Each structure stands twice: as structure tokens, then as C-alpha cells.
Amino acid sequence: MCSPEHFAVEYAINPWMDVTTPVDRDLAVKQWDRLRETLVGLGHEVHLLTPEQGLPDMVYAANGAFMVDGTAYGARFKHEQRAAEAAAHHAFYESQGWRFIAPSETNEGEGDFAYVPETHGGLILAGHGFRTEIPAHAEAQEALGRPVVSLRLVDPRFYHLDVALAAIDDSNVVYFPGAFSAASQRVLTQLFPDAVIADDEDALAFGLNLVSDGANVVLNSEAARLAGKLKAAGYTPVPVELAELKKGGGSVKCCIAELRH
Ligand code: ARG
């Protein structure tokens with residue numbers, strides 16, 4: 001995770017960002033801190049990346065790499081405004097002794113890659129259409145040695161996979177079908193017949209931008225309806241308020257890069 005100490009909305013690279021909306025940075029830091037404490041309280045170990053001035057989106061740490069089996073496949077940002085973040089993530093993985101594979105193709109890390117460890121022995125789901133480019137899906141498969149299934153995103157409000165779909169345990173996902181092309185919706189139905197299905201209200205509340213340890217699902221508090229559906233499916237929803245960071249177009253999952261051994 002990376003503190004939003006330098007968070008701002010200075011440019012607009014997704015439909016949620018409006019440079020005329022004021023941002024309360026202290027509140028952003030407070031809300032982010034509650035998220036960090038929530039994860040620690042659930043027994044997770046949290047490493048911190050040092051925020052850098054001039055990189056206002058660095059709080060969205062999920063975009064810096066995608067890690068599976070102890071190997072990190074690095075990011076290469078689509079937008080020049082975020083390009084320099086990649087080096088900070090690269091340095092982090094190397095300093096911690098993780099294997100790091102530098103990308104040649106445009107991809108935004110966990111923003112567009114999800115991992116479902118028990119589906120077909122370990123399946124990577126990958127989004128394209130707005131940020132990550134299709135050649136990066138093949139590059140990730142070669143880097144990580146796990147099959148990658150490409151899914152096409154079609155609604156600009158859901159510009160990253162992680163605002164439209166999330167793994168909720170080792171073999172199941174929750175997603176909003178409307179964010180995907182008709183063919184990709186069929187692929188998801190085939191792979192995950194028991195998926196929890198979210199509606200547009202859940203998705204617009206950033207409910208799908210969640211992290212789950214298989215039992216506890218940490219999600220944006222505005223997504224109360226989705227929390228109810230997850231509860232009915234046997235999970236324990238853990239709501240966290242992250243309204244300030246929504247102004248940059250992200251929520252819970254965007255703030256967290258998962259280190260998968
Ligand atoms: N402002 C950031 C961008 O548009 C938000 C990134 C959100 N991160 C995510 N994993 N969806 O790039």
C-alpha cells in the first residue's frame with residue numbers, strides 16, 4: 001500500500017476524475033489509514049511504498065505490478081502521468097527479494113489482472129479495452145506460467161478489470177456482467193457458473209473493487225447492497241469508507257497490491 005499523502009486530482013484519465021472537484025487530502029489519508037488498520041486487524045501483513053510528490057495516483061498501488069507464485073510481472077502505464085510509478089514498484093519488489101519480470105507491453109498490474117488459484121489449478125483473468133493491451137496478456141502468461149483468459153471491458157466507467165470483477169475465494173468471483181462484452185460474459189458464465197452477480201448500482205458504488213481473504217470481504221461502505229449479496233453467499237462483508245479516493249476513480253482493491261507467494 002502507498003499512503004495518499006500526495007493524492008490529488010490534477011488530471012482526468014478516467015470518467016470518475018474531475019479536476020474541478022476539491023479533494024480533502026487529510027481525509028483521504030485518514031480513510032486510507034482505516035483501510036490499512038482493517039487489513040492488519042484481519043491478520044494481514046502490510047508493506048508500505050513511499051509516496052512521491054508529483055505522482056498523485058500513487059495511492060492506487062494495485063497498478064504497479066501483478067504477482068503470482070512469488071513472481072511480480074511489472075506494470076507499464078498507459079498514461080504518461082503515471083509512468084514513473086512503475087520504477088517505484090520495481091524497486092520495492094527487488095529490495096524485498098521477489099523475482100521481478102519487467103514488461104515490454106502496456107499493462108496496469110492488478111488493475112487489469114486477477115488470480116483465481118483453484119480454478120483449473122491457477123487461472124489468471126485479464127482485462128483489456130481501456131488500459132492494458134492484449135499483447136500484455138500473452139506476456140503475463142509467459143512471465144508467470146499460468147493460463148491467462150482475456151476479457152474485454154466495454155464501459156469506460158469500468159476502465160480496469162478490478163472495478164468490474166474480483167476473486168472472492170480460491171475458486172469463485174463476483175462481477176458486473178454489463179462491464180464486459182457479450183462474448184466475455186459467456187466466457188465468465190462458463191468458467192464461474194456459481195459466481196456472485198453484481199448489478200450496476202453495486203458496480204457504480206465501487207463495490208467490486210474489493211479484496212477478499214476467502215472469508216472476509218473488505219469493500220467500499222457505499223456498496224451496501226453488494227455487501228448483502230456477499231453475506232447471503234456465506235462471506236463476511238467488512239465495509240470501509242473511502243469516499244475521497246473514489247474521486248480519483250478507485251477504492252479498496254486499487255489501494256492494495258497483493259503479494260502472492
Ligand atoms: N486515477 C487512477 C487511474 O485512472 C485510478 C486507478 C485505480 N486503480 C485501479 N486499480 N483500478 O489510473
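Modeller: Gladly! Let's start where V116 has L123 of strand β5 as its bridge partner. That bridge belongs to the antiparallel pairing of strand β4 (residues 113-116) with β5, over 4 bridges; two strands pair if DSSP finds at least two bridges between them. Strands (E, at least two residues) and helices (H or I, at least four) are DSSP runs, numbered from the N terminus. Residues are numbered from 1 along each chain as its sequence is written. The model is predicted, so local features need pLDDT of at least 70, side-chain atom pairs count only at pLDDT 80 or more, and totals for chains, interfaces and linings use all residues.

Between β4 and β5 the hairpin has 6 residues, and H120 takes a positive phi near 50° there. On its other pairing, β5 runs parallel to strand β6 (residues 148-152) over 5 bridges, with A126 opposite S150. To get from β5 to β6, the chain passes through helix α3 (residues 134-144) in a right-handed β-α-β crossover, meaning that, with the strands pointing away from the viewer, the path from the first strand over the helix to the second runs clockwise.

Now the burial: 6 of the 6 residues of β5 (residues 123-128) are buried, so the strand is largely enclosed by the rest of the structure. Buried means under 20% relative accessible area, with a 1.4 Å probe and protein chains only. L123, L125 and G127 point one way, while I124, A126 and H128 point the other.

H128 counts as buried because its relative accessibility is 12%. Leaving aside residues up to four places away in sequence, H128 touches I134, H137, S150, L151, R152 and L153, where contact means heavy atoms within 4.5 Å.

Conventions
Heavy atoms only, no water. Buried < 20%, exposed > 50% of the residue type's maximum accessible area, 1.4 Å probe, protein only.
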